[in-house]
Amino acid sequence: MRNILFFCFILFFHLSLSNSPKAEIPWLEKNASTYYNALSSSDTLKINSALQSLRPYRSTVNKAYAGALLMKKSGIVKPAKKKLAMFKEGRTLLEDAINIENKNAEFRFLRLVIQEHCPAILRYHDNIKEDSMIVTDNYKNFSPEIKHAINDYANISPSLKSSAIIKAE
């Protein structure tokens, strides 16, 4: 138990000293499935747990994951006023991350997932084709965990086809 606490303290201390998103990427890639499981879930407890583990939202990686999770959660919570505020917060976080790292294909995948399931009234569908192409073109560069999430999602995605991904690899 002491070793686990010590490891958590060292990890937290190391991450808090670094504002570089690259410092967090290996940790996130090992746990990416946690965030993708939460993103595909309708369980607010699972989503809240994933969001809590991303705080603070300093790095672009944390912003991107948190933004996608907040937008997903906004489709579950009530009342409508809270839904809209949560969606806008998530959108700001994800779009900020994409603006900082415009070529990051994983961020584009997160946005694609949200845009394909977003109600038309929110007018968040402008980048579906572009994001789909970026994800497909960069598929071979993703970690195995993220490839798994993309493959699972491609089975239900109207714009991201499994056959296109297989050809990309």
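Asparagine 104 sits in the loop between helix H5 (80-100) and helix H6, where helices are DSSP runs of H or I with at least four residues, numbered from the N terminus. This is a predicted model, in which local features need pLDDT of at least 70 and side-chain atom pairs count only at pLDDT 80 or more, while totals for chains, interfaces and linings use all residues. Residues are numbered from 1 along each chain as its sequence is written, and side-chain values use heavy atoms, with hydrogens and water left out.

With a relative accessible area of 17%, asparagine 104 is buried; buried stands for under 20% relative accessible area, exposed for over 50%, and partly exposed for values in between, with a 1.4 Å probe and protein chains only. At the start of H6, a side-chain oxygen of asparagine 104 comes to within 3.0 Å of the backbone nitrogen of glutamate 106, and the side chain of asparagine 104 also reaches the backbone nitrogen of phenylalanine 107, at 3.2 Å.

Helix H6 covers residues 105-117, and its 13 residues should span 18 Å at 1.5 Å a residue, which agrees with the 19 Å between its end C-alpha atoms; the expected span is 1.5 Å times one less than the number of residues. Twelve of the 13 residues of H6 are buried, so the helix is largely enclosed by the rest of the structure.

Side chains of opposite charge can pair when their charged atoms come close. The whole structure holds four salt bridges, each being a side-chain nitrogen of Lys or Arg within 4 Å of a carboxyl oxygen of Asp or Glu. The table lists some of them.

| Glutamate 95 | Arginine 111 | 3.1 Å |

Glutamate 95 counts as buried at 18% relative accessibility, and arginine 111 counts as buried at 4%.

Glutamate 130 belongs to helix H7 (residues 128-137) and arginine 108 to helix H6, so their pair ties together parts 22 residues apart in sequence. Glutamate 130 is partly exposed, with a relative accessible area of 39%, whereas arginine 108 counts as buried at 3% relative accessibility. Aspartate 131 is buried, as is arginine 108. Glu95, Arg108, Arg111, Glu130 and Asp131 are linked in a network of salt bridges.

Note on methods:
Helix = DSSP H or I, 4+ residues; strand = E, 2+ residues; numbered from the N terminus. Polar contact = N/O pair within 3.5 Å; in protein donor to acceptor, adjacent residues only side chain to side chain.
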